[in-house]
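Here is a short briefing on one protein chain and how parts of it pack. Keep the structure in view as you read.

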Amino acid sequence: MGQVCPSVVFRACDSYQNPLGKKVTAFMTRQTVSALLSVWIAMILFVGASCSPQPEPPVQTVDTGVDPADLAEVTDDVEVPEEPALDPTEELMPLDEPSEDPVLDPDEMLADPATDDLPSIDLDSMDDLFFGLDEESELEAARRPDVIFVPTPQEVVDRMLELAEVTKDDLVYDLGCGDGRIVATAAKRYGARAIGFDIDPERVKDSKATVAEMGVEDLVEIREADIFTLDLSDATVITLYLLPDLNVRLIPQLEKLKPGSRIVSHAFDMRGVKPDLVETVEGELGSQHTVYLWTTPLQKEEVDDSWEDDY
Ligand SMILES: C[S@@+](CC[C@H](N)C(=O)[O-])C[C@H]1O[C@@H](n2cnc3c(N)ncnc32)[C@H](O)[C@@H]1O
């Protein structure tokens, strides 16, 4: 069959025979073929690109010393604590409102180094800090023993009273009386009147128990008091087992004793006051105890402080 094919037709209107001998006519234009080829090439490129393997990022391994198998076991057991649920009814403190708690500014508590001015303190507002305690109990609460309780061995007590030559006419004060053994012994052995003073209420209780046990309540009194506030002028014998500095602090009070009064101290001297006698007494278990005796009026002595200047 004769055909007229436009020039634009590729192998225009070529007729050829297929393997079955039938004539086939191709009707593809050049543009159609080239467009199909372009699409086909583009698809090959796209599929090739998306299928090619991507390089894996390098993996850094750190040896934690933990077997991951173990870790898995552990993490299986771990319980994740639940977040505490917020109670929407609870009132939250607004952030922009100041708290009612007073805040002390440390800078205000310091003296200004430039002017050396002391910070001014509002005494009225300070009262609130004492939680309404009255003046007397505030002072009581502030007082603590200046030295802990350690009892004087009974052999040393006996020797102290002997050295002081206690008689029934004496009034013996034990300053910091502990368990009351010195005043109770003075009453029991010599028939002397005695008063024991202690700042610690527990020691006051102990002392009263000792006095009751030894049956000398009629001669002995126990008072809760700070020894540094006492008027000692009625006493004729004073017994001490305190500390060297505390003995020295007592000097102004001891100077008010009547002449001929005796002061005996277990273990510690009184710097600046010359003792009449210093003796070593042996305790029951072989311990050595120094005992000092003074008689009023006190004999002051020069104190050599020069070695202190070296430090
Ligand atoms: C080392 S003990 C001596 C006890 C007793 N005089 C004796 O020799 O067995 C000292 C005692 O002094 C008391 N004390 C400490 N400071 C005191 C003070 N400022 N006023 C009264 N007693 C005080 C303590 O509570 C303690 O009982």
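Helix 6 and helix 7 are oblique to each other. Their axes meet at an angle of about 60° and lie 10 Å apart. The model is predicted.

**The whole chain**
- The chain has 311 residues, and 21% of them count as buried.
- Its secondary structure comes to ten helices and nine strands.
- Take the contacts between residues at least 6 apart in sequence: 60% of them join residues at least 24 apart.

**How helix 6 meets helix 7**
- Two packed helices are described by the angle between their axes and the distance between the axes.
- Helix 6 covers residues 154-163, and helix 7 covers residues 181-190.
- Why is the pair called oblique?
- The crossing of helix 6 past helix 7 is right-handed.
- Helix 6 makes the contact with Gln154, Val157, Asp158 and Leu161.
- Helix 7 brings Arg181, Ile182, Thr185, Ala186, Arg189 and Tyr190 to the contact.
- Sorted by class, the contact of helix 6 with helix 7 holds five nonpolar, two polar and three charged residues.
- An α-helix has 3.6 residues a turn, so residues three or four places apart point the same way.

**Helix 6 and its surroundings**
- Which residues of helix 6 are buried? They are Val156, Val157, Arg159, Met160 and Leu161.
- Glutamate 165 follows helix 6 and sits in the loop between helix 6 and strand 3.
- Glutamate 165 is not a glycine, yet its phi is positive, at about 50°.
- Is glutamate 165 buried or exposed? It counts as exposed, because it has 12 C-beta neighbours inside 10 Å.

- Helix 7 is mostly covered, with eight of its ten residues buried.
- The buried residues are Arg181, Ile182, Val183, Ala184, Thr185, Ala186, Ala187 and Tyr190.
- Their cover includes helix 6, strand 3 (171-175), strand 4, helix 8 (201-213), strand 5 (220-224) and strand 6.
- Glycine 191 follows helix 7 and has a positive phi, near 70°.

**Around the ligand**
- How many residues surround the ligand? There are 23.
- The closest are Pro145, Thr152, Gly176, Gly178 and Tyr241.
- Helix 7 and strand 4 (193-198) each give at least two residues to this shell.
- The shell divides into twelve nonpolar, four polar and seven charged residues.

- Alanine 235 lies in the loop between strand 5 and strand 6.
- Alanine 235 counts as buried because it has 25 C-beta neighbours inside 10 Å.
- Setting aside residues up to four places away in sequence, alanine 235 touches Leu171, Tyr173, Leu257 and Ser261.
- Alanine 235 and arginine 193 are 42 residues apart along the chain, and their C-alpha atoms are separated by 9.8 Å.
- Threonine 280 belongs to strand 8.
- Threonine 280 counts as exposed because it has 9 C-beta neighbours inside 10 Å.
- Apart from neighbours within four places in sequence, threonine 280 is in contact with Gln288, His289 and Thr290.
- Threonine 280 and arginine 159 are 121 residues apart in sequence, but 10.0 Å apart in space, C-alpha to C-alpha.

**Backbone details**
- Most residues other than glycine have a negative phi, and most peptide bonds are trans.
- Alanine 267 is not a glycine, but its phi is positive, at about 80°.
- Where is alanine 267? It lies in the loop between strand 7 and strand 8.
- Alanine 267 is partly exposed, because 17 other C-beta atoms lie within 10 Å.
- Threonine 296 and proline 297 are joined by a cis peptide bond, with omega about 0°.
- Proline 297 is in the segment after strand 9.

How values were computed. Residues are numbered from 1 along each chain as its sequence is written. This is a predicted model: local features need pLDDT of at least 70, side-chain atom pairs count only at pLDDT 80 or more; totals for chains, interfaces and linings use all residues. Axes are lines fitted to C-alpha atoms, for helices over the stretch in contact, and angles run from 0 to 180 degrees between N-to-C directions. Helices (H or I, at least four residues) and strands (E, at least two) are DSSP runs, numbered from the N terminus. Angles under 35 degrees count as roughly parallel, over 145 as roughly antiparallel, 65 to 115 as roughly perpendicular and the rest as oblique. A crossing is left-handed if the near helix is turned anticlockwise from the far one by less than a right angle, and right-handed if clockwise. Two residues are in contact if their C-beta atoms, placed from the backbone, lie within 7 Å. Ala, Val, Leu, Ile, Met, Phe, Trp, Tyr, Cys and Pro count as nonpolar, Asp, Glu, Lys and Arg as charged, and the others, Gly among them, as polar. A residue is buried if 20 or more other C-beta atoms lie within 10 Å of its own, exposed if 12 or fewer, and partly exposed in between; C-beta atoms are placed from the backbone. A residue is near a molecule or strand if its C-beta atom, placed from the backbone, lies within 6 Å of it.
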